[in-house]
Amino acid sequence: MFPKLKQIFWRWRGVLIAVPSVTGVIFVLRFVGLLQMLELAALDQLFLMRPREPIDSRILVVTIDEPDIPRLPQYPLSDATLANLINQLKQHQPIAIGLDLYRDLAIAPGQKDLAQVFKSTPNLIGVQKVGRSDDSAPVAPPPLLKLLDQVGANDLPIDPDGKIRRAFLTIDKEEGNAVFSFGYKLAYQYLSKKGVDSNLTPDNKIYAGSAIFQPFSSEDGGYVRTNSGSYQILLNYRGGSKRFQQVSIVDVLNNRVAPDLIRDRIVLIGNIGESYKDLFFTPYSSQMLGSPERTPGVIIHANFISQIISSAIDHRQQIQVLPDWAEWIWIISWAAIGAVICWNQRVPTGRNRLFLLKRSRLVVAVALLLGSTYFAFWYGWWIPLVPALMGLAGSAFSITGYLAHNAAEMRRTFGRYLTD
C-alpha cells in the first residue's frame, strides 16, 4: 500500500506540492483582507458587463436638480411648496409616496398646510437618519410622520472604497429598537396593495412573496470582517439612473406630468443635483475610461425598492453567495486545474510546441473561469473570481518554475560528462 502511494505521489509530486502551497498563500491573503478590494472591483465589473435590465415602470422619481432651483417659488423648498407638490401627486392616486428629504416641520409659513397634508396622506413615507459616523450625525424624522409611523431610515452602508453595494432592511438604533428602512417601507406598501404578503419567517428572516432575503454576513463573497450589523442584504442593482423614469419637480408643480406616469406607482421625491451632497459611488462608477459617475441617493433607494418588488412578484434573482467551504473547493479546483495542465506537458517535445500547447490550454482554462463566473452572476450567484484566477495562474507558474529548476539542475549534472 505504502509503495503504491509513494509511486502516486512521485508521479504527481509537482501538483501535490504546488496546489496546497498556492492555495495556502491565497488563504492568508484573503484572511488578512488584502484581496477584498480586488474582489469588490471584480464584482463591479460583473455588474457593468451584465445585460441591461428593462426600466422598472412601477417606480417614478420626482427629481430636484440644479436647473430647477431658479424656477421654484423658493429654495430650499418651503412647506407650502412641498404641500402643493404632494397634493399634486395625490390627485393621480400613486400607491405610495416616498419623501427622501429631511423635514423637521419647524414653525414657518405653510407649516399648517404641510401638517394637514401629512395627516391626510397615509401612503406617504418620510425619512430619518439613524446611524452616526465621523462625518455625519443622526437626523430626526418629521415629528408628525413619526407619530403616524410613516417614517423609514434612509441610511446606506458604505464599503471601504466608498461605494454602496449593500442596503438595510431594518436598522438597529442606539436605544436598542429597530427601524424599518425607507425602501422597505415603500416596497411593503406596494406589495400590500398588490396582495403580496411580506413578514418574518420562523427563523426571523424577512420575506416578500416567495422571496426570502438572506441577511448579509461579514464574510459573504469577497468581504472580510465587514460590519454586518442590523439587517443588511446585498444590493442587486437594476442599473444606474437611466433604469427609472424621472420627472422634474417643476413639471409636477405645473401639472405637466401625464397622470398615467403617477397612477398605481411608487413615487420618490429626492435631490439629484451636485450641490445637494446626496451623491454616492456605486458599482456603476467603475468605468474604465473617464471620471467615475456618482449616483443620487434617491436612485439607490429606487434600485433597492425595485429589488424587493421584483424578487417578490417577478421572481428576480437576488445576489447569492456560496458557503465558505464551497468557495474553497472552487478556488482549490482552479489551482489544481492550472497545476495539472502544466504538469502534464512536461513530456519531451519540441520547445516551441510545448510552450504553445501550455499557453493555449491555460488560455482556455482562464476563459472557462471568466465565463463561468460571468454566467453564474447572470443568474444571481457571486462566485470568487480573483482568488480562483490567482490559484489558476499561481499553480501554473509554480509548476513551470519547478520544471525549469529541475531542467537546470539536470543540465548542470550532465554538463560534467557531456558536451553541449
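Predicted model: local features only at pLDDT ≥ 70, side-chain atom pairs only at ≥ 80, totals over all residues.
Residues are numbered from 1 along each chain as its sequence is written, and side-chain values use heavy atoms, with hydrogens and water left out. Local features need pLDDT of at least 70 and side-chain atom pairs count only at pLDDT 80 or more, while totals for chains, interfaces and linings use all residues.

The whole structure holds 21 salt bridges. A salt bridge is a side-chain nitrogen of Lys or Arg within 4 Å of a carboxyl oxygen of Asp or Glu. Asp79 pairs with Arg103, with 2.8 Å between the closest N and O atoms. This pair links distant parts of the chain, 24 residues apart. Asp79 lies in helix H4 (residues 79-90), and Arg103 in the loop between strand S2 (96-99) and helix H5 (111-119). Helices (H or I, at least four residues) and strands (E, at least two) are DSSP runs, numbered from the N terminus.

Asp79 is buried at 6% relative accessible area, and Arg103 is buried at 14%. Buried means under 20% relative accessible area, exposed over 50%, and partly exposed in between (1.4 Å probe, protein chains only). Arg166 and Asp159 form a salt bridge at 2.7 Å. Both Arg166 and Asp159 are buried. Arg263 bridges to Asp260 at 2.8 Å. Here Arg263 is partly exposed at 36%, whereas Asp260 is exposed at 56%. A salt-bridge network links Arg50, Glu53, Asp56, Arg58, Arg238, Asp314 and Arg316.

Asn271 sits in strand S12 (residues 266-271). Asn271 is buried, with a relative accessible area of 14%. Beyond neighbours within four places in sequence, its contacts (heavy atoms within 4.5 Å) include Ile64, Tyr75 and Leu101.
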